[in-house]
Amino acid sequence: MRQFQGRIVTPGNAKAEAVVTHAGFNTLASLQKSLQFGDKTAKVNDQNNPELYGKPIAGKALCLPQTIGSTTGGMVLYCACAMKRQPACMLFANHIDSLAAAGAILADVWLEDISMPVIDCLGEEFLSYVKDGMTVTVGDHGVVTVE
Amino acid sequence: MILTQEQQEILNGSKGDTMAKVMKTLVMYGEAFGAEKLVPITGKYNHLVTSFGLGVIEPVYELMDKLIEAGAVSGQRFSVDPRPLDKNVPKNFLQNIIFKFFMYNKQDFYEEQLKKLGLMDSDAFTCACYLDQVGNKPEKGEVLSWAESSAVVYANSVLGARCNRNSGIMDIMGSIAGFVPYFGLLTDDGRKASWVVKIETTKKPEAQLLGSAIGMKVMEDVPYIVGLDKWLGTELDEQACTYLKDFGAATASNGAVGLYHVENLTPEAVEQGKKLILDGAREYVIDDAELERVKNDYPVIWKDPNAKPKLCFMGCPHMTLQQLKDWTDKVEAGLKKAGNAKVVIPTVFTAAPAVLKEFEKTPYAPRLKATGVITSYICPLMYMNNPLCAKMPVITSSNKLRTYTTARYYTDDEILLQITKGGK
């Protein structure tokens, strides 16, 4: 078990199974198709991300360096939250990018009864340590426990 | 973050709950990036990325309704990304039904919302809003609240405007408030380069391939590109701007680039030169072999990789007037060489409605039509994002379209050969 200290972007607690990508998470390429065609598990459809391709991320602890791609990214993430198909939490090794931040903040401010804690600045060691299937807990004050 | 008295009062609810939420959104957004203040937007027009009435993004329309009902509409008028549908673009019976009744069944509703929110005009649907014919071209140094990755990277890099890579919805939040948080690409420090990219190719690199290579390498960092002026020259003329339009779109979609500098060419690189490069900047050398490696690494996710292409899309981002003219010449010459009268693969060239109107006035328009090429204002990406199109073998020279759909990338020369002569 290891603990990592990050920074809270949007608050909350969560405990979920890790799904990990070491490449940038392209939000539009990953999620648009599954949101559009009723996949409640939100399987990733990004052909450029073999680590995630075909894996469901709804309710999972999505561990990533940052998001990339189209500026619809934040809107897509906001819609995933509104449709309750969002990850249980998003855990960024790097500083969060502007698109993911927008999606998480829009959901936090404009949607009711939605929780998707987002922690960033967890460090490269976090992404080296965490593996698919591990249990990740988002505690208080930006502390993330991986076991 | 330190707010002005006016901003603080709005946050406290002086203009109602909805405006307070708009302000809270911007404050949280800024705080996530250490912004110490909100600064006024100085650009004349905004640009939004969300142009499609996709039934499934109902939450967005609900939010827009909340804004309209509260009178929280944009102080700026805006252009918006391309429409998703056009009757000119080939589609079969089933696709037609899926598009009209299932996917984009909210298109008319959403366009009404856009009008209420401040749409420039009914033709203002394009990702290349900065083209002269469209008229949303910011000045150097102007502060923007734009979204659309290809437009943001062009505005920052080629025009020297200042805009972060804002997300859809966040774009209109800034415009409604009239302020954006001051961080990242709005600041002088945020516009410094942490990568030096050296171009050492033996010929002019394909714009969309070079952009892809750089985007995948530097992700969201700012690259300072050396050696590209050898191929583009040192003047931001029509040819150079067109190249940078396509190049930038690939950097932004294959990575997350919001600004690049090209030595001796783009405005800040001309003014400041190597002073733009941060200490400890990393280096990336691109030669012919590296571009070939990048191209060969693209996955082909067609069910049958050897299938004959059924459709070709060109114009993501939208083509310029000059590109339409140049491609008319190229397609005609290619057909003549191949001994064909019309293109052998259904081919769609996409451009802004205002650009297409200008093109229709030129003698090139009937010539292009005679080759069988269809012109459209559509967004190819929106067209392709459904299971029926996903199964179609579509080819493109757009690295953005390749990234987000099942379309297969070919260079411009390869595309020309395929549509005029045929082949796999």
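This is a predicted model: local features need pLDDT of at least 70, side-chain atom pairs count only at pLDDT 80 or more; totals for chains, interfaces and linings use all residues.
Helix H10 of chain B gives the most to the lining of the largest pocket, with six residues. The pocket holds about 890 Å³ of space. Its lining has 35 residues, and those closest to its centre are Pro205(B), Glu206(B), Ala207(B), Tyr243(B) and Asp412(B). H10 covers residues 238-254 of chain B. Other elements of chain B also supply at least two residues each to this lining. They are helix H8 (207-218), helix H12 (288-296), strand S9, helix H13 (321-338) and helix H19 (412-420). Sorted by class, the lining of the largest pocket has 14 charged, 11 polar and 10 nonpolar residues.

Where does the largest pocket lie? To place it, start with the domains. Chain B is divided into domain 1 (5-186), domain 2 (193-296) and domain 3 (311-420). Domains 2 and 3 of chain B both give residues to the lining of the largest pocket, so the pocket lies between them.

The C-alpha centres of domain 1 and domain 2 of chain B are 27 Å apart. Their contact takes 15 residues from domain 1 and 18 residues from domain 2. The second largest pocket belongs to this pair of domains. Both domain 1 and domain 2 of chain B give residues to its lining, so it lies between them. About 510 Å³ of space lies in this pocket. The lining of the second largest pocket divides into 10 nonpolar, nine polar and six charged residues.

The largest cavity has a volume of about 160 Å³. It is lined by 19 residues, and the closest to its centre are Asp81(B), Glu148(B), Cys379(B), Leu381(B) and Lys400(B). Strand S9 (311-319) and helix H16 (380-384) of chain B are the elements that give two or more residues to this lining. By class, the lining of the largest cavity has 11 nonpolar, five polar and three charged residues. Domain 1 and domain 3 of chain B both contribute to that lining, so the largest cavity lies between them.

Pro317(B) counts as buried because its relative accessibility is 2%. Leaving out residues up to four places away in sequence, Pro317(B) touches Cys127(B), Ser150(B), Gln208(B), Lys245(B), Asp246(B) and Ala249(B). Pro317(B) and Ala351(B) are 34 residues apart in sequence, yet their C-alpha atoms are 8.1 Å apart in space.

Thr350(B) sits in strand S10 of chain B, residues 347-351. At 0% relative accessibility, Thr350(B) counts as buried. What is Thr350(B) in contact with, beyond its neighbours within four places in sequence? The list includes Phe313(B), Met314(B), Gly315(B), Cys316(B), His318(B) and Met319(B). It also includes Ser376(B), Ile378(B) and Pro380(B).

Next comes helix H3 of chain B, residues 58-69. Within H3(B), the residues Pro59(B), Val60(B), Tyr61(B), Leu63(B), Met64(B), Leu67(B) and Ile68(B) are buried. An α-helix has 3.6 residues a turn, so residues three or four places apart point the same way. What covers the buried residues of H3(B)? The cover includes helix H2 (73-82) and helix H3 (98-110) of chain A. From chain B it includes helix H2 (17-31), helix H5 (107-117) and helix H7 (170-177). Just after H3(B), Gly71(B) takes a positive phi of about 75 degrees.

Ser175(B) counts as buried, at 2% relative accessibility. Not counting residues up to four places away in sequence, Ser175(B) touches Ile41(B), Asn46(B), Ser74(B), Gly75(B), Gln76(B) and Ser145(B). Leu232(B) is 57 residues from Ser175(B) along the chain, and their C-alpha atoms are separated by 35 Å.

Notes:
Residues are numbered from 1 along each chain as its sequence is written. Chains are lettered from A and ligands numbered from 1 in the order in which they are written. Side-chain values use heavy atoms; hydrogens and water are left out. On a 1 Å grid over the protein atoms alone, a cavity is a set of points where a 1.4 Å probe fits but cannot get out, and a pocket is an open set with protein on both sides within 12 Å along at least five of seven lines; lining residues have an atom within 4 Å of a point. Grid points are joined across faces, edges and corners, and a volume is the space filled by probe spheres set on the points. Helices (H or I, at least four residues) and strands (E, at least two) are DSSP runs, numbered from the N terminus. Ala, Val, Leu, Ile, Met, Phe, Trp, Tyr, Cys and Pro count as nonpolar, Asp, Glu, Lys and Arg as charged, and the others, Gly among them, as polar. Domain bounds come from an automatic or database domain assignment. Buried means under 20% relative accessible area, exposed over 50%, partly exposed in between (1.4 Å probe, protein chains only). Contact means heavy atoms within 4.5 Å. The expected span of a helix is 1.5 Å times one less than its number of residues.
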